Amino acid sequence: EALKKEVEAFEITNEATLEQFRQQYLSKKGAIPELMSKIKDIAPEERRNYGAAVNALKQLAEEKWRSHKERLEQLPEAVEPPIDLTLPPLTEPMGGVHPLSIVRRQIVQVLERMGFCQADGPEIEDDFHNFTGLNFPPDHPAREMQDTFFIERNPDILLRTHTSSVQIRVMKNNRPPMRMFSVGRVYRNEAISARAHCIFHQIEGFFIDKAVSFADLKQTLYHFAKELFGKETQIRLRPSYFPFTEPSAELDISCNICKGKGCNICKYSGWVEIGGAGMIHPNVLENCGIDPEEYTGFAFGMGLERITMLKYQIKDLRLFTENDWRFLEQFEGLF
Ligand code: PHE
């Protein structure tokens with residue numbers, strides 16, 4: 001009788017108490033089998049009643065165990081930690097602007113203040129806009145200066161290797177004076193390393209009008225460099241070659257990291273290259289229906305990654321495309 005009360009009163013609330021119940025009453029060493037084993041000590045005339053009572057108790061306990069087991073199995077698992085609606089919400093980390101976007105926006109602002117208007121062109125180009133219109137002769141080694149991803153051959157369709165293709169598009173569809181720029185992705189078949197990538201970005205600018213001179217180009221680049229890298233920045237133009245400009249130059253800025261004292265970035269020269277420039281070749285003007293006797297123009301092209309690396313002292317180009325949160329997080333909040 002006492003044991004029956006006990007079995008009835010036992011509270012089964014979870015898996016642990018269910019198992020405890022089983023061990024205490026039903027398992028081989030439990031209380032009910034123990035009662036059963038005592039049947040041989042009972043007087044023969046009472047055995048019948050005794051056996052019936054113990055059997056009833058056993059059934060009761062088994063039934064209780066089974067029903068609780070079923071109930072617990074049906075409970076949804078997630079009930080354990082109750083949700084505390086009074087807790088303050090978890091704050092999500094704020095996203096930031098990608099460093100290339102930060103610098104691109106600065107460049108756009110500087111060029112727009114100087115009166116340049118933004119133009120756009122496709123990343124999938126034909127041979128004319130990427131090469132032929134820009135005065136690259138068919139078999140000239142200059143075509144190999146820029147290892148190209150071809151999509152189709154004859155007629156050639158390719159991923160543009162520079163933003164100078166946008167120049168051709170704008171020049172064909174507009175009349176001078178024009179002062180335009182374009183920013184965008186370009187593609188070259190290069191092995192990816194800390195200093196080279198097959199996808200990168202260029203900024204292209206050009207100005208065509210009557211009597212535009214090399215001095216105008218130089219002053220524009222000088223102002224641009226000071227706006228972007230600080231008032232003390234100097235520029236240097238080194239003679240170079242591009243099929244679409246004559247004369248052509250490589251554009252260097254004074255190293256803003258060591259300020260001329262010498263560092264790894266400028267290889268102890270005090271200067272770092274950021275792009276190319278020159279006077280638009282008469283053939284290019286002619287290819288776009290502009291009379292080179294009447295108009296002259298300058299053009300410049302620069303690498304967005306290169307400029308961003310110099311501004312933020314980033315030493316590996318691959319960081320821009322890896323999307324490593326620890327890198328990107330450092331530019332957070334610069335909206
Ligand atoms: N298109 C050249 C390059 O990708 C850069 C350039 C642009 C040079 C405009 C001169 C004038 O290397």
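Which residue in β8 is the bridge partner of F242? Select T245, which is the partner of F242 in β8.

Before going on, note that this is a predicted model, in which local features need pLDDT of at least 70, side-chain atom pairs count only at pLDDT 80 or more, and totals for chains, interfaces and linings use all residues. Residues are numbered from 1 along each chain as its sequence is written, and side-chain values use heavy atoms, with hydrogens and water left out.

**The β7–β8 hairpin**

Select residues 235–242, strand β7, together with β8. The two strands pair in the antiparallel sense over seven bridges and form a hairpin with two residues between them. Strands are DSSP runs of E with at least two residues, helices are runs of H or I with at least four, and both are numbered from the N terminus. Two strands pair if DSSP finds at least two bridges between them.

Now pick E246 in strand β8, residues 245–254. An unreviewed UniProt entry lists E246 under "binding site"; UniProt positions are in the numbering used here, feature names are shortened, and annotations may be inferred rather than shown by experiment. E246 is partly exposed, with a relative accessible area of 48%. Buried means under 20% relative accessible area, exposed over 50%, and partly exposed in between, using a 1.4 Å probe and protein chains only. Not counting residues up to four places away in sequence, E246 touches M279 and H281, where contact means heavy atoms within 4.5 Å.

**The ligand**

Show the ligand and the 14 residues around it, of which H162, S164, R188, Q202 and G301 come nearest. A residue counts here if one of its heavy atoms lies within 4 Å.

- S164: a polar side-chain atom lies 3.0 Å from a nitrogen atom of the ligand.
- R188: a polar side-chain atom lies 2.9 Å from an oxygen atom of the ligand.
- Q202: an N or O atom of the side chain is 2.9 Å from an oxygen atom of the ligand.

S164 also belongs to helix α7, residues 164–173, where seven of the 10 residues are buried. S164 is one of those buried residues, as are V166 and I168.

**Strand β6 and its partners**

From Q202, step to G184, its bridge partner. β5 and β6 run antiparallel and are joined by 10 bridges. β6 also pairs with β10, again in the antiparallel sense, over eight bridges; G297 in β10 is the bridge partner of I208. Eight of the 11 residues of β6 are buried, so the strand is largely enclosed by the rest of the structure.

**The cores**

Next, select I107, L111, F300 and I307, which touch the most other members of the largest nonpolar core, a set of 44 residues. Such a core consists of buried Ala, Val, Leu, Ile, Met, Phe, Trp, Tyr and Cys residues joined through side-chain atoms within 4.5 Å. The largest share, seven residues, comes from α5. Leaving aside neighbours within four places in sequence, the contacts of I307 include V103, I107 and I203. A second, separate core of 22 residues includes F136, F244, I280 and V284.

**Backbone stops**

Most residues other than glycine have a negative phi, and most peptide bonds are trans. A cis bond joins N154 and P155, with omega about -5 degrees; P155 is in the loop between β3 and β4. Finish at K267, where phi is near 50 degrees, a positive value. K267 is in the loop between β8 and β9 and is exposed, with a relative accessible area of 60%.

Note on methods: A polar contact is a pair of N or O atoms within 3.5 Å; within protein, one must be able to donate a hydrogen and the other to accept it, and residues adjacent in sequence count only if both atoms are side-chain atoms.
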